[in-house]
Amino acid sequence: MKTTYIKTIYTLLLLFIFSASYSQTLLEGVVKDAQDTPIEGVNIVLKGTTNTTTTDSNGYFNIDAKSLPFTIIVQYAGYNTKELRITELPTNAKPLQISIATGEEKILSEVVVTSRRRIEKAQDIPIAISVVTGKQAEQAGAFNVNRIKELIPSVQLYSSNPRNTGINIRGLGSPYGLTNDGIDPGVGFYVDGVYYSRPAATTLDFIDIDRIEVLRGPQGSLFGKNTTSGAFNITTRRPSFTSGADFETSFGNYGFLQAKASVTGELSKKLAGRLSFSGTQRDGLIDNVVTGRPTNTLNNQGIRGQLLYNASDKTNILLAADITTQRPDGYAQVIAGVAPTKRAAFRQFDAIIADLGYELPSRNAFDRKIDHDTPWRSGQDLGGATLNIDSKIGQGTLTSTTAWRFWNWDPSNDRDFTGLQVLAKSQNPARHTQLTQEIRYAGKVNNKLSGVAGVFFIDQTVKIRGTEESGNAQWRFSQSNVSYNNNGVNTAVPLARWAEPGLLEGYGIRTNASIHAVSAAVFGQLDWEVTDRLHVLPGLRYNYDKKESDYNRQTYGGLETTDPELLAIKRAVYTNQTFAADKDKFDFSGNITVNYKATDKINTYATFARSYKPIGVNVAGLPTPAAGQTLADLAVIRPESVNHYEAGVKTTPFRNAILNLTIYNTDIKDFQTNVQAAELGVNRGYLANADKVRVSGAELDASFAANEHFSFNVALSYTDGKYVKFTNAPLPLEDTGLTVDGVQVAFKDVSGSELPGISKWAGTLGGEYTKSAKFFGNIGKFFIALDSYARSEFSSSPSASKYLVVPGYAIFNGRLGFRTSEGLSINFWARNILDKDYFEQLLPAGGNAGHYAGVLGDQRTYGITLKYSL
């Protein structure tokens, strides 16, 4: 805790020093209603740019806008949107005063987004999209993507540690379960236009977020990197030539401490800067009865710096750099249960631990007790630098985004989930680096035709240095019937030989693996205005992908012996393995959307998209190949082929309300999935293709502002995901060891069964009451709010297992306090108010002895947040 306090104090001092070096207002004004009363929280957008701001409690605003003339958009809930063309800057003698009146449209339908590379209303674009502003995320306590899933039910995020993180939209995107670095995620994750290739980025704290846009469905013709399932388009707050500063600190139970700060302002006439910081710390939520210390702590720090140079009225250059570190003692999983398998009685988990004289610290996962003997370490560093150039050319903007990013991963895991020394070491440190370049042009071709076109390139390098090592209990967990070639005779090894002292202790594998991936694309989408109400939007993408991988695993340690029986035992646990893959492929994909705005309140669209996910490569241990196959055959994963159909309607049925409905169907051939092998040497899982899957569903989004005090929101998602055909799926946990006619079965036909990680029903429901108030001399809003998130049960195994089903659950979060645009705001908050016990994920232990562990949802947490804005 002391380290975090010191870092926070030093950072805040630097930010205060920085904040003293700016002061310039470019455009300022006041927004009032028809009764001449100032309005707080009005959204001001500089049309044709991504610059936005909001009015304070006095209705005052200022926004960067150097070149005249320009247009601003004025938006507020329950009021008509107004556009104003500014031809001269206001003066003291002639101040800018804007009056807006109540009308039929509401701000919920007027929220602006930039996903199509231009400023436009979310309700006007023919894409299923959810928008969470930075302020909404802060107020809901959503400081990372894992919390965003509680606001947008179509989003699923599963994380047993940062590397083993998957983010899905509508149940698709990443293989469910353990992660393999050899495939691309199907959900694009973008921050300020930069593609983040590793899902671990989603576990990091948000830093100075302005807006989060979540697009659902394939988006390959809009974004540089192909996305088969959707995209997160995150925008941070840019530097401003107008002074501004925010300082925030939070305190909660379990030693929760979070500090955030951001300052911005002018550094010279053409140069502005922004410096932002975030730090989070929390004590552990699970007790380790051996060490006496709680584990699963939080310990995160991040900093982002930006410089904005206005080279001319038409060109600006943004240089940004960031780095985030996490050093938690965390991500430990708790034994959630034991499944009886089809293995012999002596190979069942309870028989094994009885022979070893061991008992679990608790058979109830929600006692939150572990006795793990191997420390859990999930250290990671992620950062990079970006150079972004925007230049207005003709009726559009040419954008160049150049970025370099890295991710360093330093783990330690106890993959047997017990206090026994089964696996003494289980860790795969890795370093990922990427270089990306995107150039695109977005704008009008003529009065009827507009769109976006671009080129994209990414070069990625991954280096993995893994270690897995057996402990003194490995012999009993691996003990099985093995044989060896005795002068041409297949001879069984007596089971008693497994207990040979020191045979497997210290015996393990060291892995050196690498991936080099290159992807290049040309993409674009047109918007043809056939009539004022009818638009046709075709999109195309041509992509090249190349992946090279090398995998080299060598055994070491254990008892040095020439005894053929003991050597057979060691080979049954670990063997040397080497393979390589080199594959490239061209892909052509596209989409077409027909958008018809029936009335000013009803906007409809229908889309067909043909998309794909690139080839994949395995860089983890592979099972022994079947007859006629080689390791090289198993190393390459075929690309996915996606056919997607979607129809939606966006409406404003009555004043101050929106109601949107989407239905969709996605068929995927050669679905890239993660499977679990029974062989201990591949217990992290490996990649394979399922013949065909189908996901279909419907989504409902609604918001309603009843009056100036009460507002409500609801989102509901129905998702039906099935393996249409998957004949070589891995065995579910309880079928491990299954034999048919004396022959052990390795695979199972699971065609027709449910895809993992998908709840049929998920939803959010929330409401807020606000009232004008004054707090310590500041005029603002008192608020009280309650939000809920619920989902039905879902399978937590690639092949459905009755033991690995996560029960459905609902959680409730609340907050109350006072907020203002300037001065002091205070927020009392609580998460999981009813202290619901629930699992986020269930995972089988390495070796499939029958025991499985759970990733636990957090118990009740509460605290207070203080924020001061200048």
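**Notebook: a walk through a predicted model**

I started at Thr 297, which sits in the loop between β21 (294-295) and β22 (298-310). Residues are numbered from 1 along each chain as its sequence is written, and side-chain values use heavy atoms, with hydrogens and water left out.

**Thr 297, continued**

Is Thr 297 buried or exposed? Thr 297 has 19% relative accessibility, so I put it down as buried. The cut-offs I used are under 20% relative accessible area for buried, over 50% for exposed and partly exposed in between, with a 1.4 Å probe and protein chains only.

I then looked up what Thr 297 touches, taking contact as heavy atoms within 4.5 Å. Leaving out residues up to four places away in sequence, I found Arg 282, Asp 283, Gly 284, Pro 328, Asp 329 and Gly 330. With Asp 329 there is also a polar contact: its backbone nitrogen lies 2.8 Å from a polar atom of the Thr 297 side chain. Such a contact is a pair of N or O atoms within 3.5 Å; within protein, one must be able to donate a hydrogen and the other to accept it, and residues adjacent in sequence count only if both atoms are side-chain atoms.

**The whole chain**

I stepped back and counted seven helices and 55 strands in the chain. The radius of gyration is 28 Å, close to the 29 Å that the globule rule gives for 870 residues, so the chain is as compact as a globular protein of that length. That radius is taken over C-alpha atoms, and the rule is 2.2 Å times the number of residues to the power 0.38. The C-alpha trace spans about 105 × 55 × 45 Å along its principal axes. Of the 870 residues, 58% count as buried. Among contacts with a separation of 6 or more, 71% come from residues 24 or more positions apart.

**Cores**

Next I went looking for nonpolar cores, meaning sets of buried Ala, Val, Leu, Ile, Met, Phe, Trp, Tyr and Cys residues joined through side-chain atoms within 4.5 Å. Which members of the largest core touch the most other members? They are Leu 420, Phe 477, Phe 839, Leu 842 and Tyr 852, out of 32 residues. At least two residues of this core come from each of β24 (334-338), α4 (349-355), β53 (839-844) and β54 (851-856). I also found a second, separate core of 27 residues, with Val 194, Ile 209, Ile 234 and Ala 403 among them.

**Helix α6**

In α6 (residues 564-573) I listed the buried residues as Glu 565, Leu 566, Ala 568, Ile 569, Lys 570 and Val 573. What covers them includes β30 (449-470), α5 (474-478) and β31 (483-486). At the N-terminal end, Asp 563 is the cap, with a side-chain oxygen 2.9 Å from the backbone nitrogen of Glu 565. Val 573 has a relative accessible area of 4%, and its C-alpha is separated by 11 Å from that of Glu 468, 105 residues apart along the chain.

**Rings**

I searched for aromatic pairs and got 24 in the whole structure. The rule pairs rings of Phe, Tyr and Trp (its six-membered ring) with centres within 6.5 Å; planes under 30 degrees apart are stacked, over 60 edge-to-face and the rest tilted. Tyr 542 and Phe 588 make a tilted pair, at 6.4 Å centre to centre and 55° between the planes. Tyr 542 is in strand β34 (residues 534-556) and Phe 588 in strand β35 (residues 577-599), 46 residues apart. Tyr 542 is partly exposed at 43%, whereas Phe 588 is exposed at 58%.

Last, I checked for charges over rings, which need NZ of Lys or CZ of Arg within 6 Å of the ring centre and within 35 degrees of the ring normal. Arg 170 lies over the face of Tyr 664, 4.0 Å from the ring centre, and Arg 819 lies over Phe 783 at 4.6 Å.

How values were computed:
This is a predicted model: local features need pLDDT of at least 70, side-chain atom pairs count only at pLDDT 80 or more; totals for chains, interfaces and linings use all residues. Helices (H or I, at least four residues) and strands (E, at least two) are DSSP runs, numbered from the N terminus.
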